[in-house]
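Subject: Model for your files

Dear colleague,

Here is the structure I said I would pass on. My notes follow below it.

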Amino acid sequence: MEEFRAVLVVDAEKFSAHRDSELPDVHLEIRRVLAAAFEASGLGETWRKARFVESTGDGILAVLPHEAVPALVDPFARRLQDELAASAPGLRARGLRLRLRAALHVGLVDDERAAAPAISTAVIDTCRLLDSRPLRDALEHSDPEVTFAVYAFSRELFTAYVEGGRTTLRASQVTEVEAKVKQYAKPAYLYVPVPSGKGRPDGGEKPAAPVPAPAPPPSGTSISGVTIDGNEAQIGFGNTVGGDFRQER
């Protein structure tokens, strides 16, 4: 029987770049940090009792009760970033690395149908969000020593839970993008708990430094061939600028 569920998918960056013998250890670390993040978010029992948790090789697909969505958005997203950051030094010492893309969606899912568990549009859409270019760019263009997890929320989830005020994350903390993967083309909402580099919402660009006002010319100074004379006389020239100014971010 279909029920309204939360669908969470996570995927490890450059998972296949590890040696064959290392892949099981990286996958087990994904499961460990997920379990720790669920526990730290008050969702430990939800994780342990989840009826559908499946390995995707380089990630995990989980179907969870929709009541967990507010905490999955916040603080779970931040707690997973924390767990990955804490894990990084030990992994690095072993020549391993782990950063995650995550997608979160809500929809109707039958997670008890034995012959085809969790086969649904909601699960497919979540996987499309996970594969979307903006989410990949958010992780690839960030500092690998700072940003360890990035998230894409579906429009349905964002509208009901973030914009609707049902979680502590505010709408101003996410960035709307267009997710296009195969036939899937919908708005998505990026959330990076600890942004860095060009993965920042502002593209990593520093704000332009204010331009100091030019010093007034001394009396007798020649401007464009016009000489200003007079006893301490001050003459103002108006400036006219044609065309448009555009600041690219």
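In which sense do strands S2 and S3 pair, and over how many bridges? Strand S2 (residues 52-55) and S3 pair in the antiparallel sense, over four bridges. Strands pair here if DSSP finds at least two bridges between them; helices (H or I, at least four residues) and strands (E, at least two) are DSSP runs, numbered from the N terminus.

Before the rest, the basis. This is a predicted model, in which local features need pLDDT of at least 70 and side-chain atom pairs count only at pLDDT 80 or more, while totals for chains, interfaces and linings use all residues. Residues are numbered from 1 along each chain as its sequence is written, and side-chain values use heavy atoms, with hydrogens and water left out.

Overall
The protein has six helices and nine strands. Of its 249 residues, 41% count as buried (under 20% relative accessible area; exposed is over 50%, partly exposed in between; 1.4 Å probe, protein chains only). Among contacts (heavy atoms within 4.5 Å) with a separation of 6 or more, 72% are between residues 24 or more positions apart.

The sheet
Seven strands form an open sheet with mixed pairing, in the order S2-S3-S1-S4-S5-S7-S6. S2 and strand S6 (175-181) are the edge strands, each pairing on one side only. Direction ignored, neighbouring strands of this sheet are turned by 25 degrees against each other on average. (Axes are lines fitted to C-alpha atoms, for helices over the stretch in contact, and angles run from 0 to 180 degrees between N-to-C directions.)

H3 packs on the sheet and touches S1, S3, S4, S5 and S7, its direction making about 165 degrees with that of S5. Helix H4 (residues 121-131) lies across S1, S3, S4, S5, S6 and S7 and runs at about 160 degrees to S4.

Strand S3 (residues 59-65) has six of its seven residues buried, so it is largely enclosed by the rest of the structure. With strand S1 (residues 3-12), S3 pairs in the antiparallel sense over seven bridges, and Leu 8 stands opposite Ala 62.

The cores
A nonpolar core is a set of buried Ala, Val, Leu, Ile, Met, Phe, Trp, Tyr and Cys residues joined through side-chain atoms within 4.5 Å. The largest has 46 residues, of which Leu 64, Leu 72, Leu 80, Leu 98 and Phe 153 touch the most other members. H3 gives the most to this core, with 10 residues. Apart from it lies another core of 23 residues, including Val 9, Leu 129, Val 150 and Ala 152. Not counting residues up to four places away in sequence, the residues that Leu 98 touches include Val 26, Ile 30, Leu 84 and Phe 148.

Aromatic pairs
Rings of Phe, Tyr and Trp (its six-membered ring) pair if their centres lie within 6.5 Å; planes under 30 degrees apart count as stacked, over 60 as edge-to-face and the rest as tilted. The count comes to six aromatic pairs. Phe 38 and Phe 76 form a tilted one, 4.6 Å centre to centre with 45 degrees between the planes. Phe 38 lies in helix H1 and Phe 76 in helix H3, so the pair ties together parts 38 residues apart in sequence. Both are buried, and ring pairs link Phe 38, Trp 47 and Phe 76 into a cluster.

Regards
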